[in-house]
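Biologist: I'd like to learn how to read a model like this one. Can you take me through it feature by feature?

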Amino acid sequence: MLIGVPKEIKNHEYRVGLTPSGVRELVANGHKVLVQTHAGLAIGFTDEQYIQAGASIASNAEEVFERADMIVKVKEPQPVECRMLRPGQILFTYLHLAPDPEQTKLLIESDSVAIAYETVTDERGGLPLLAPMSEVAGRMAIQAGAHALEKAQGGRGVLLGGVPGVAPAKVVVIGGGVVGLNAARMAMGAGADVTILDKSLSRLKEIDMVFGGRIKTLMSNGANIDDSIRDADLVIGAVLVPGAAAPKLVTRAMLKTMKPGAVLVDVAIDQGGCFETSRPTTHQDPIYTVDGIVHYCVANMPGGVARTSTQALTNATLPYTLELANKGWRQALLDNAHLRNGLNVCRGRVTYQAVARDLGHAYVDPIEAIKAAN
């Protein structure tokens with residue numbers, strides 16, 4: 001199989017779908033790899049390194065999309081990329097379709113096979129291809145939030161850890177999954193006063209056991225969220241409903257109860273955001289203010305530490321890329337139910353229930369779609 005790796009074109013996105021070591025593994029398995037020139041240059045992976053690993057170099061994205069059997073990316077394809085996809089071509093990347101009707105429509109029209117990193121599962125019920133970026137995003141949320149709290153950025157002018165004689169900042173994390181736990185750990189390490197909310201009592205017990213009370217825990221419900229954010233300096237939105245749009249847990253009316261200059265960091269923005277006032281921002285222009293509350297809603301947050309993120313992501317995705325290449329997409333998806341859960345659009349059919357429900361498309365069972373594909 002010929003695997004194509006285009007250069008990412010989203011604003012300030014420097015990650016790349018394969019590292020040179022990943023290329024080496026694919027070539028060793030008898031496959032060919034075509035990498036767009038300078039795809040990894042910004043994070044220190046040169047064309048020469050890719051060539052030494054066995055890849056060929058394409059001069060532009062059009063060549064990659066035209067020739068490759070499978071496209072391996074990081075971020076969701078932009079409209080110009082969607083229009084380059086061919087019938088039957090495999091797309092393996094993050095998609096986040098539920099809040100993105102345009103991308104979904106274009107993928108349906110492309111007649112391609114679109115497999116989303118974020119909905120691939122594992123035997124423990126986890127999301128192994130989302131987890132590495134969730135870890136990065138959770139940790140970054142605290143440093144981004146700490147910066148936004150500075151007065152020059154519009155924040156309250158509060159230091160997370162305080163100093164002797166001055167109380168630390170109050171950090172509230174909504175969601176106790178991978179993002180939330182990593183955010184809470186970083187905030188605790190910085191010396192902040194940290195509270196984490198989650199709907200799962202067993203998850204809260206786990207957090208309490210691990211951190212011995214150094215992180216406060218609360219059941220996530222409307223009243224507790226309302227009370228917690230009133231006194232917060234920094235609120236991290238870390239809610240995930242796999243494959244579906246994020247629930248709006250903080251309304252605009254609630255902003256008026258918060259401290260002026262408090263900061264909201266919405267890590268769920270890829271899935272539409274969990275604050276009513278959230279809208280996607282970029283690394284170039286990351287923050288805006290609504291009713292005196294600073295919002296940080298960068299949709300590709302891990303792209304800010306692109307080398308670390310690329311290495312973490314490709315460590316997780318490469319085995320699945322190899323499986324798709326070695327078996328072909330039909331057999332790989334039929335053999336592996338966890339990989340099959342990543343199938344969101346298959347030859348014009350929507351095969352992920354949450355996406356179909358949220359966007360009003362007919363849902364087709366993935367096995368039925370796979371077997372029906374010509």
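Biologist: Which residues does the domain assignment give to domain 1 and domain 2?

Modeller: Domain bounds come from an automatic or database domain assignment. Here domain 1 is 2-126 + 306-372, and domain 2 is 131-296. This is a predicted model, so local features need pLDDT of at least 70 and side-chain atom pairs count only at pLDDT 80 or more, while totals for chains, interfaces and linings use all residues. Residues are numbered from 1 along each chain as its sequence is written, and side-chain values use heavy atoms, with hydrogens and water left out.

Biologist: How many residues of each domain are in contact with the other?

Modeller: Contact means heavy atoms within 4.5 Å. By that rule, 19 residues of domain 1 touch 13 residues of domain 2. The C-alpha centres of the two domains are 31 Å apart.

Biologist: What area do domain 1 and domain 2 bury between them?

Modeller: Buried area is the accessible area (1.4 Å probe) that two parts lose on being put together, summed over both. For this pair that's about 1200 Å², with 59% of it on carbon and sulfur atoms. There is also one salt bridge between the domains, meaning a side-chain nitrogen of Lys or Arg within 4 Å of a carboxyl oxygen of Asp or Glu. Asp270 and Lys75 form a salt bridge through their side chains, at 3.4 Å, N to O.

Biologist: What span should helix H7 have?

Modeller: Helices (H or I, at least four residues) and strands (E, at least two) are DSSP runs, numbered from the N terminus. The expected span is 1.5 Å times one less than the number of residues. H7 has 12 residues (178-189), so it should span 16 Å, and its end C-alpha atoms, 17 Å apart, agree with that. After H7 comes Gly191, with a positive phi near 95 degrees.

Biologist: Is Pro280 buried or exposed?

Modeller: Buried means under 20% relative accessible area, exposed over 50%, and partly exposed in between (1.4 Å probe, protein chains only). Pro280 has 56% relative accessibility, so it counts as exposed. Pro280 sits in the loop between strand S11 (263-266) and strand S12 (287-290). Pro280 and Cys297 are 17 residues apart in sequence, yet 5.3 Å apart in space, C-alpha to C-alpha.

Biologist: And which UniProt annotation covers Glu323?

Modeller: The unreviewed UniProt entry marks Glu323 as "binding site"; positions are given in the numbering used here, feature names are shortened, and annotations may be inferred rather than shown by experiment. Glu323 lies in helix H11 (residues 306-327) and, because its relative accessibility is 18%, counts as buried.
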